[in-house]
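Please look over the model before reading on.

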Amino acid sequence: MSTTAAKKTTAVSLDAEEYAHPGNRACTGCTLNTLYRVGLKALGRDCIFAVPPSCLTVVQGLYPISSSQMPILNVTFASTAAAASGIRAAMKRRGKKTQVVAWAGDGGTADIGLQALSAAIERGEDLIYICYDNEAYMNTGVQRSGTTPKGTLTNNTLSGKAEAKKDVPAIVAAHRPAYVATCSAAFPLDFHDKLLKAKGITGFKYIHIHTPCPPGWGVEDRLAIAVGKAAVESGLYDLYEIENGRFRLSGPSQKLLRKKKLPPVSDYFAMQGRFKALDDAYLQAVQQEVDDKWAGYRERFL
Ligand SMILES: Cc1ncc(C[n+]2csc(CCOP(=O)(O)OP(=O)(O)O)c2C)c(N)n1
Ligand code: SF4
Ligand SMILES: [Mg+2]
């Protein structure tokens, strides 16, 4: 199992080859699009994807007009991790090391595909599972999912979602897979390097990515990256890795440990139309939670 910290990739050292063809049907400003392009560079040509219905199927396109140079199997919602396990078994049988990657949205992961995901982790399948979390069912017009934050306006939570966000990386980590990481689409090179690391580890690898979606979040296209950065830099959304059961803050989140004061989380919420229903009491409660969490991190890691 490889766990050594590799040299960080920069925009200059990134693989110059493009595995995603130019021109696809993503919305302007879609951060999934960037993740996809950069993710393919980390994975390289020898990989196969299992992808359930989602915006990623739109970005990739359907056979025979696909924007990816790698093969994609479009699978049913509930079966992503099971289908990926089947592909891996077939590859093994043929003596091939081809990297199998399940890549799904939050609806396909936190809700509809959760049992197949849990079973595949428990079996210790040698797979990479990527969940891009745009915090709703976006492809069908913004309906709430298990990872939609409390208070969010969606087309079926018209006065704000009543329930809290499901912590999927924590659920996955409770299975003790080989590797768990969280990422943000606002830091695509951090995602690139975590994916590269996952490729070098045997066993089940899970990467969860906070993925701003301009139309679904009520954000101007040009601000999609800024809003993703605000989530991380305010300390609301943490980037971390768990290897062999050991948790560590990583990349941009690790740098926050030594900062005396982080920007208020209200700045992040104020940037987005989907949070218009939040009141001051709620914002203060979230701020308190974030402050307590970072006080705990500082005690533990400094
Ligand atoms: C069994 C089944 N139910 C519903 C749908 C309709 N559907 C297609 S994409 C989608 C939304 C998926 O949401 P998510 O996994 O979060 O991905 P996103 O669209 O946000 O990228 C839904 C509900 C479907 N294709 N199959
Ligand atoms: S709806 Fe959101 S996630 Fe889907 S293609 Fe558009 S910007 Fe990307
Ligand atoms: Mg989604």
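## Strand β6

A residue counts as buried if 20 or more other C-beta atoms lie within 10 Å of its own. By that test, β6, residues 205-210, is mostly covered: 6 of its 6 residues are buried. The model is a predicted one.

Burial applies to both faces of β6. On one side sit K205, I207 and I209. On the other sit Y206, H208 and H210.

## Neighbours of β6

Strand β4 (residues 128-133) runs parallel to β6, and 6 bridges join the two. Strand β5 (residues 179-184) also pairs with β6 in parallel, through 6 bridges.

From β5 the chain passes through helix α7, residues 188-199, to reach β6. This β-α-β crossover is right-handed.

## Helix α1

Helix α1 spans residues 31-43 and has 13 residues. From its first C-alpha to its last, α1 reaches 18 Å. That is close to the 18 Å expected at 1.5 Å a residue.

How many of the 13 residues of α1 are buried? The count is 11, and α1 is mostly covered. The buried set is T31, L32, N33, L35, Y36, R37, V38, G39, L40, A42 and L43. An α-helix has 3.6 residues a turn, so residues three or four places apart point the same way. After α1 comes G44, with a positive phi near 75 degrees.

## Shell around ligand 1

Ligand 1 is surrounded by 15 residues. The closest are S54, C55, G105, G107 and N139. β3 (99-105) and α4 (106-111) each give at least two residues to this shell. Which element gives the most to the shell around ligand 1? Helix α4 does, with 3 residues.

By class, the shell around ligand 1 holds 6 nonpolar, 8 polar and 1 charged residues.

## Shell around ligand 2

Ligand 2 has 13 residues around it. C27, C30, C55, M138 and C213 come nearest.

Helices α2 (55-60) and α8 (214-217) each supply at least two residues of the shell around ligand 2. The most comes from α8, with 3 residues. By class, the shell around ligand 2 divides into 10 nonpolar and 3 polar residues, with no charged ones.

Technical notes
Residues numbered from 1 in each chain as written. Chains lettered and ligands numbered in written order. Predicted model: local features only at pLDDT ≥ 70, side-chain atom pairs only at ≥ 80, totals over all residues. Near = placed C-beta within 6 Å. Helix = DSSP H or I, 4+ residues; strand = E, 2+ residues; numbered from the N terminus. Nonpolar A, V, L, I, M, F, W, Y, C, P; charged D, E, K, R; others polar. Buried ≥ 20, exposed ≤ 12 C-beta atoms within 10 Å, placed from the backbone. Pairing = 2+ DSSP bridges. Right-handed = clockwise from strand over helix to strand, strands pointing away. Expected span 1.5 Å × (residues − 1).
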